[in-house]
Amino acid sequence: MALRKAPDATLPKGGTSQFVQINGIRLHYVSTGSGPAVILLHGWPQTWFAWRATMERLSSHFTVIAPDLRGVGLSERTPTGYDKRTIASDIAALIGHAAGGRAHVVAHDMGGKVAYMLANLHPESVEKLVLVDCLIPGTENMDALRGGAWHYGFHMAPEIPEMLTKGRERDYIAAQIRAWSYKKDAVSEMAISEFARHYASPGGMTVGFAYYRALRDDAALAASFEGRSIDMPVLAIGGRHGVGTKLADALSKQARDLTAVIAEDSGHFVADEMPDFFCDQLKRFLVA
């Protein structure tokens, strides 16, 4: 589809907002910069905007491309398709369209689960893989009585979370972001408002919860990869107050070329909580 130069103050410097019809859906993405292609995949409860500051920092070295994942932000909302196999196919198609078929992939939270599937199912699309404070499907601790995160079960329940968050979408999103952050003000109020305006639109929260409702299927698919190696270089970045070493520990069973680092003064949102550290790690790994 045609390039659209959006007169939107939220875009990164030099950025363009674009739409493309791929894998049966209309996908929105923002791009800027020049050089090797880097795809940035956001998590919940965010949109492409989560990467705005990162895009500006990386744009002098890379062509940086940040999509809204299926159903989120300005991307098409579909009634099904929120399993990470399907979304990985979306991203493989985007890489084919916007990056010539191969790119570095940097991914956080739910986007990290997508990128993990992408690396296993479409390895030809991934030059290098960076996973940021996420958990491999099937390794999540969903048992709140044993130190797990309560929100998994809440988000996976049919209809109840939509009912209880209706009219309170921004409050709920803000509370979750603050709870998962070590530096409580790292994700700005403006960013929270930007995320919330999309999730509060009709069907937005349901799509967000659909990413969680697909986790059983995601875990089953991930289990089928046992014995399979990930051959591209992989960087695992964990927040000390987020997933810590759990991500790298899980990846060590598959990744043949694994680098693991810990963001010591960060919770879940490493790109916001420790932006200098985060971008330095990316540049060092991606240009090596």
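A charge is said to sit over a ring if NZ of Lys or CZ of Arg is within 6 Å of the ring centre and within 35 degrees of the ring normal. With that in hand, welcome to this predicted model, where local features need pLDDT of at least 70, side-chain atom pairs count only at pLDDT 80 or more, and totals for chains, interfaces and linings use all residues. Residues are numbered from 1 along each chain as its sequence is written, and side-chain values use heavy atoms, with hydrogens and water left out.

**Rings and charges**

The charged end of arginine 26 sits over the ring of phenylalanine 19, 4.0 Å from its centre. Lysine 128 places its charged end over the ring of phenylalanine 285, 5.3 Å from the centre.

Rings also meet each other. Rings of Phe, Tyr and Trp (its six-membered ring) pair if their centres lie within 6.5 Å; planes under 30 degrees apart count as stacked, over 60 as edge-to-face and the rest as tilted. By this rule there are 14 aromatic pairs, and two of them are set out here:

| Pair | Centre to centre | Angle between planes | Type |
|---|---|---|---|
| Tryptophan 48 and phenylalanine 49 | 5.7 Å | 85 degrees | edge-to-face |
| Tryptophan 150 and phenylalanine 154 | 5.9 Å | 50 degrees | tilted |

Tryptophan 48 and phenylalanine 49 are both buried (buried means under 20% relative accessible area, exposed over 50%, partly exposed in between, with a 1.4 Å probe and protein chains only). Trp150 and Phe154 belong to one aromatic cluster, whose members also include Trp44, Tyr172 and Phe269.

**Helix 12**

Helices (H or I, at least four residues) and strands (E, at least two) are DSSP runs, numbered from the N terminus. Helix 12 covers residues 275–287, and at 1.5 Å a residue its 13 residues should span 18 Å; the end C-alpha atoms are 18 Å apart, which agrees. That expected span is 1.5 Å times one less than the number of residues. The buried residues of helix 12 are Phe278, Cys279, Gln281, Leu282, Phe285 and Leu286. They lie on the same side of helix 12, because they cover an arc of only 155 degrees around the axis, taken from the directions from the helix axis to the C-beta atoms. Arg284 and Val287 are exposed residues on the face turned away from that buried side.

On a 1 Å grid over the protein atoms alone, a cavity is a set of points where a 1.4 Å probe fits but cannot get out, and a pocket is an open set with protein on both sides within 12 Å along at least five of seven lines; lining residues have an atom within 4 Å of a point. Grid points are joined across faces, edges and corners, and a volume is the space filled by probe spheres set on the points.

The largest pocket has a volume of about 510 Å³. Of its 21 lining residues, Leu135, Ala149, His151, Tyr152 and Val243 lie nearest the centre. Helix 3 (110–121) and helix 4 are the elements that give two or more residues to the pocket lining.

**Two loop residues**

Alanine 157 is in the loop between helix 4 (151–156) and helix 5 (160–165), and counts as partly exposed because its relative accessibility is 22%. Glycine 81 is in the loop between strand 5 (63–67) and helix 2 (84–98); at 16% relative accessibility, glycine 81 counts as buried. Glycine 81 and valine 207 are 126 residues apart in sequence and 10.0 Å apart in space, C-alpha to C-alpha.
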